[in-house]
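User: I would like to learn how to read a few features of a protein model. Could we take them one at a time?

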Amino acid sequence: MKSLKIAAVGGFGHAKNVFDELAGFPDLQLQALAPAHAEEPIDGFLQHPWAQASKTRRYEDLPALCEAEKPDVLIVSTRPDHIQSVALDAIEAGCHLIVEKPLALDLAGLRQLYEALSASQVRMMAMLSMRSMPAFRQAKALIESGAIGQPLLINARKSYKWGQRPEWYADRKRYGGTWPWVGIHALDMAHYLTGLHATGVYANHANRGHPDRRACEDVAVGVFTMENNVSMTVSIDLFRSDN
């Protein structure tokens, strides 16, 4: 079996987690990296040990990278408002995709990605790394085996530090929102572990402590009705202590 040609585009997000995992496979190298948009720095990703060991080549944009390298797999990790367009370009180029979330900022964008994927031979997965964590894999196995019975109530919580948020977090059209950026982990945890889909939701969100980034919700809560009339609550905040 031929070794996969792997490249990456973008300089923001969780690509380093993907790099950490793929670096464990001795036959895989990160062949090339390019920014997703003109003002995006990528030096941080190029300094990752896997990139250093791979002698990763740098390109100025995705078209140049694809033309020169013809990657089999593209890791897309960039600002949320660029993810969908980069993914569509990669699908057209025939690259399989490991993509930062959210995949798109609205339902129309998700539908466009779905239609493009359906018309191609490309496979795409989102960067939801908790699915590979032993605790969650064991919990999934226990639920599927019936060892703990049928789930009746689900609670999921994500608490993050505020830290240093880029200025574009203040622009909803570029940030997209805390539900798709952070809350997606809670929603994915519930679906991954139980296989249940949501059938109804009441949700609220607000910015309560960071007026310099007003478009970024720092608190959010949701009450979901799941299949089989299972109840789920989700709470999210960006107030975790720095220490």
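Predicted model: local features only at pLDDT ≥ 70, side-chain atom pairs only at ≥ 80, totals over all residues.

User: How many salt bridges does a search of the whole structure find?

Analyst: A salt bridge is a side-chain nitrogen of Lys or Arg within 4 Å of a carboxyl oxygen of Asp or Glu. The search finds eleven salt bridges. In one of them, the side chains of Arg131 and Asp188 meet at 2.4 Å, N to O. This pair links distant parts of the chain, 57 residues apart: Arg131 lies in the loop between β6 (124–126) and α7 (134–145), and Asp188 in helix α9 (residues 178–194). Helices (H or I, at least four residues) and strands (E, at least two) are DSSP runs, numbered from the N terminus.

User: Is Asp188 buried or exposed?

Analyst: Buried means under 20% relative accessible area, exposed over 50%, and partly exposed in between (1.4 Å probe, protein chains only). Asp188 has 8% relative accessibility and therefore counts as buried.

User: Which other salt bridge links distant parts of the chain?

Analyst: Glu217 and Arg172 form one, with their closest N and O atoms 2.7 Å apart. Here 45 residues separate the partners: Glu217 is in the loop between β8 (198–206) and β9 (219–226), and Arg172 is in helix α8 (residues 172–175). Glu217 is buried at 4% relative accessibility, while Arg172 is partly exposed at 40%. Elsewhere, salt bridges with shared partners join Glu39, Arg79 and Asp81 into one network. Within it, the closest N and O atoms of Asp81 and Arg79 are 2.7 Å apart. Arg79 is buried at 7%, and Asp81 is partly exposed at 25%.

User: How do I read the sides of a helix?

Analyst: An α-helix has 3.6 residues a turn, so residues three or four places apart point the same way. In helix α1 (residues 15–22), the residues Ala15, Val18, Phe19 and Leu22 are buried. They sit on the same side of α1, because they cover an arc of only 105 degrees around the axis. The arc is that of the directions from the helix axis to the C-beta atoms.

User: What do the buried residues of α1 pack against?

Analyst: Their neighbours are β1 (6–9), β2 (30–34), α2 (43–46), α3 (49–54), β4 (73–76) and β5 (96–99).

User: How does the chain cross from β4 to β5?

Analyst: Two strands pair if DSSP finds at least two bridges between them. β4 and β5 run parallel and are joined by four bridges, with Leu74 having Leu97 in β5 as its bridge partner. The chain crosses through helix α5 (residues 80–92), and this β-α-β crossover is right-handed. That term applies if, with the strands pointing away from the viewer, the path from the first strand over the helix to the second runs clockwise.

Key. Residues numbered from 1 in each chain as written. Heavy atoms only, no water. Contact = heavy atoms within 4.5 Å.
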